[in-house]
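This report covers selected local features of a two-chain model. Please look at the sequence and structure first.

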Amino acid sequence: MMKPILKSIAMLVVVLFSNSVFAELTYQQLQDISASPERIEGSFEQRKYLAEIGVSLDSSGVFSYQRSEKIVWKTLEPVENEMQMTPTTIINSQQGREVARLDSHDNPAIAVFSDIFFSILTAQWPKLAEHFKLQGKLDKQQWSAQLVPIDSSIKKMISLVELHGDKLLRSIVLHEAQGDKTSIIFEYSTR
Amino acid sequence: MNMVKTLDRVANFFVNKSRQLAVLWLIFVVLFVAFALRSGVNFDSSIIALLPQSNKDHKVQAASDQMAASYANKLLLIVSAAEDKEARQGVRQLATRLTELPQVEDILWQIDAQASDYYQQLQPYRYVLLTDKLRELALTEQYQKIAQQALANIYSPISVAKSSIIADPFTLHSSWLLEQKTDLNVKVSNGLLQVAGQVQPTYLLSVSLVDEVYSARLQQSVLSLVSDEQEKLAVLGITIQKAGLVLHAAAAAAQAKSEISIIGVGSLVGIIALIIWVFARLSSLMIMLLPLTIGVISAVAVTVLVFGNIHMITLAFGAGLIGVSIDYALHFMCHRYQTTARMTLKEILPGLFLGLLSSVLAYSAQALTPFPGLRQMAVFCVAGLIFSWLSVLFCFSYLSDITMKKPQTLGSNYVLKGEKLFARMSIILSRLNSYLLLPLTLFVLLGLSVLSLHYNRAVDDIRLLQSSPVELLHKERAVQKMLNVTSSSQFLLFSANGIEQNLQLEEQLAKQLNDFKKQGILEDYQALSQVLPSIKRQDENAQLVQAIYDNSLSSFYSKLQFDSTKVAAAEQELCAGISARLTPKIWWSQQQSERRQSFVIKHQGQLFTVLKIIGPVDNVLKQALQDIDKNHTHITYVNRVDDITTLLGDYREQMTMWVLAAYLLVFLILLLRYKKRVWTVVLPSIIASLLTLGIVAQIEQGINLFHIMALILVLGIGIDMGIFLTETKESASTWLAVSLSTITSLLAFGLLCLSETPVLHHFGLTVLIGLILVWVLSSIMRNKET
């Protein structure tokens, strides 16, 4: 867990990056830089901004993923909830009991959303290239990327995704169409 | 004696005025045909058109028709390729080309931003549209859990259930939408419809055609474009799979077309060859083809006039008419070679008339069936027979007079080629009659037939009507499996008073059906109440939501550290929106209703609803559904396949009665004229019919409706034969005519038994066997004294 001050600095970095001017960056470059380990674990800090009422909600937890198999996203504070994502399903459990299950088979919207989130977290750049236009800059091993949805149906949900990382993804800012914004910072415990 | 005089007068009239009559008749025929076919011939190839209307229940029929229609005009195209880019390009290319066609009403292939907007129309009704899960929690008062879930959702990085935190803190609206499953196994991928769970990138185009799937023009333009593109895209490694009724319709049409040409041309060539061999004159041939041509063309004209269109199968069956309608001409000409036109008419007119009468009677029985297709065939044949009969009567005196100078010398007994041959054959066969063995053999054979019939089960399967190529059915099934759709013909029909009552009834039944699902008996079902709850259910939901707000809202908000103003704001939203109801009228006006509009059946000013059964129906489920039907006055279990089987069975039995009645009627009419000799006229037909049925039961693994119907033909032709032979005291020329007409009929109907269309095959086979037997039996049982 990061200390509150560190957290704020990290948030600031995210915001700064999102305001800087972006140059040419290609998916191929990202592909070359990114490591995509089989398994990875870590913790996250999330700040969700609700534009409607001007309130930010902070949460934190741990995550792990197995490449192209599943992501486990465990929110610990302030509420305990575990989300398991596979390429076809999203399952939410609380206190070890499944409370909601969404099957992308049944629902196109979920399929698209989980597909994108999965691709972002596991650095599947070719997949993201199908859905987003890329802008960004690369400075040594550090990169910042702006992803703008190509497709109008995705644009209705996500207006912009900002990513920052080196070998691994360090932060995400997800701008939703209605003005809500979700910023996530990652700390990896392996590597 | 009076009758002889009348006959003289009639014959004289036709001979004396022969020229005027011939000209007038031809003018009439030309005018009539021109009038009837003024707007062209509209060909129909729908198998459904052959199906009878259900005799049980009009609302069931209306529902079945509507369900069939919602599927009928769809053409599903599945495009796949190794690379995603190529598959997408294929979809675009196909869609662009198809849009150009006027026969294409709409293509569903891309989802644009607006399309998903229509779900927003439901937003005002969020407080009364609850998912089953949330209802369950609220009903069991698990408010804490509801708050927990709302919290988890708000902190989730990907909030798929997206809602305003004030207007809808418990994400009622998006949860409801998320539970609305798509009916097809597709997902939106970059704006296109991608088929889920495929190895290769695979996309769907659902083409809605204008309502003329059976029109040849539509089939031609749409399918040729698709196969054209199929070839072009195949070069790029892009494959297209197809499914839809239009494909079956086109296949049936193509099949019927080729069969019509084979059967029609085959029997025509055979008949021409026979006539040339026997009469050895081109002029005779031309004369004899005249009533045949007039018969067929007029039959088409009459059919179009009566039905508005003509079915391909009618035409294929009608091709067999060629063999029957030449009969009258053959009889006239065979006699005419020996005597004058006047004498010919006098001799053959009674037989000709009785022959026509018995055939028309036989076909009329067919017209009484409720099968639209069969009725059309009957009208076609009756019209064809009457027109060729009249053509012989009106034109042959004149035509034979101008082509033949005098009757041939009476020096030789046999004037025409073949006369001797057939007379010989019949004499040889008739010798069998002298053996005691014959009655015994016949008796044994009849006994065997009765046994064969007794131990044979009847076949009334719907497959009797199905003629689609197996390969096409396989491909169709593959596509259905890919998309996870079943063209299920099974459903429950709710017929309570008014839509609200029906929705309530559906909701009551849902519990039972969900239990079936849990037990694995039922795969799934689709119902209107799943997208449009009854007002009663919406009222209940409103109360539940009020309770959720009362019990969970403040604890949820306090966890988010929201102040009391936010609670007040959310409650104000609730207050403003909770009385909104999604009425059927509002629902109907919304775009999203399109998916389930076919679930509402409008019939005689009443509104019924339909609950579709998805997945296979085994005996356990069938029994369960039948029980539901039994226990609810306003729920009917409709199983189209079983219904048609029952119907075919009913008609098979009815038809058997009709055949018996027709035999009896013909027997009575003939009894008036022939008195004791009536047995020699009808017995060969009767014995032949029984033997035929016995044989067919063995060859075809069961008797079906169409075998019985074919017996009517055997009766018609067989009795004709008996009448002519008796009328002319079995003269050599009659034997020739009778034998020739048997051979021509055999050519026509025998070829039908090669047909791939089951109905025609059954007809052909029965007539083929029946006619051979009639001819042989008539020969054997002929009067020895002559």
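B:Q561 is exposed, because 10 other C-beta atoms lie within 10 Å and a residue counts as exposed at 12 or fewer. The model is a predicted one. B:Q561 sits in the loop between α20 and α21 (564–577) of chain B, and its phi is near 60 degrees, a positive value in a residue other than glycine. Most residues other than glycine have a negative phi, and most peptide bonds are trans.

**Backbone features in chain A**

A positive phi is also found at A:Q95, where the value is near 50 degrees. A:Q95 belongs to the loop between β5 (89–94) and β6 (97–103) of chain A. A:Q95 is exposed, since it has 9 other C-beta atoms within 10 Å. The peptide bond joining A:E77 and A:P78 is cis, with omega about -5 degrees. A:P78 is placed in the loop between β3 (70–77) and β4 (81–85) of chain A.

A:Q124 and A:R67 are 57 residues apart in sequence, yet their C-alpha atoms are 9.6 Å apart in space.

| Residue | Other C-beta atoms within 10 Å | Class |
|---|---|---|
| A:Q95 | 9 atoms | exposed |
| B:Q561 | 10 atoms | exposed |
| A:Q124 | 19 atoms | partly exposed |

**Helices in chain B**

Two packed helices are described by the angle between their axes and the distance between the axes. At what angle do helix α7 and helix α20 of chain B pack? The angle between α7 (residues 143–155) and α20 (residues 535–559) is about 40 degrees, and the axes are 9 Å apart. α7(B) is therefore oblique to α20(B). Their crossing is right-handed. On the α7(B) side, the contact is made by B:Y143, B:I146, B:A147, B:A150 and B:L151. These meet B:I548, B:N551, B:S552, B:S555, B:F556 and B:K559 in α20(B). Seven of the contact residues are nonpolar, three are polar and one is charged. An α-helix has 3.6 residues a turn, so residues three or four places apart point the same way.

Helix α11 of chain B (residues 282–307) has 26 residues. From its first C-alpha to its last, α11(B) reaches 37 Å, close to the 38 Å expected at 1.5 Å a residue. B:G308 follows α11(B) and has a positive phi, near 85 degrees.

How values were computed. Residues are numbered from 1 along each chain as its sequence is written. Chains are lettered from A and ligands numbered from 1 in the order in which they are written. This is a predicted model: local features need pLDDT of at least 70, side-chain atom pairs count only at pLDDT 80 or more; totals for chains, interfaces and linings use all residues. Axes are lines fitted to C-alpha atoms, for helices over the stretch in contact, and angles run from 0 to 180 degrees between N-to-C directions. Helices (H or I, at least four residues) and strands (E, at least two) are DSSP runs, numbered from the N terminus. Angles under 35 degrees count as roughly parallel, over 145 as roughly antiparallel, 65 to 115 as roughly perpendicular and the rest as oblique. A crossing is left-handed if the near helix is turned anticlockwise from the far one by less than a right angle, and right-handed if clockwise. Two residues are in contact if their C-beta atoms, placed from the backbone, lie within 7 Å. Ala, Val, Leu, Ile, Met, Phe, Trp, Tyr, Cys and Pro count as nonpolar, Asp, Glu, Lys and Arg as charged, and the others, Gly among them, as polar. A residue is buried if 20 or more other C-beta atoms lie within 10 Å of its own, exposed if 12 or fewer, and partly exposed in between; C-beta atoms are placed from the backbone. The expected span of a helix is 1.5 Å times one less than its number of residues.
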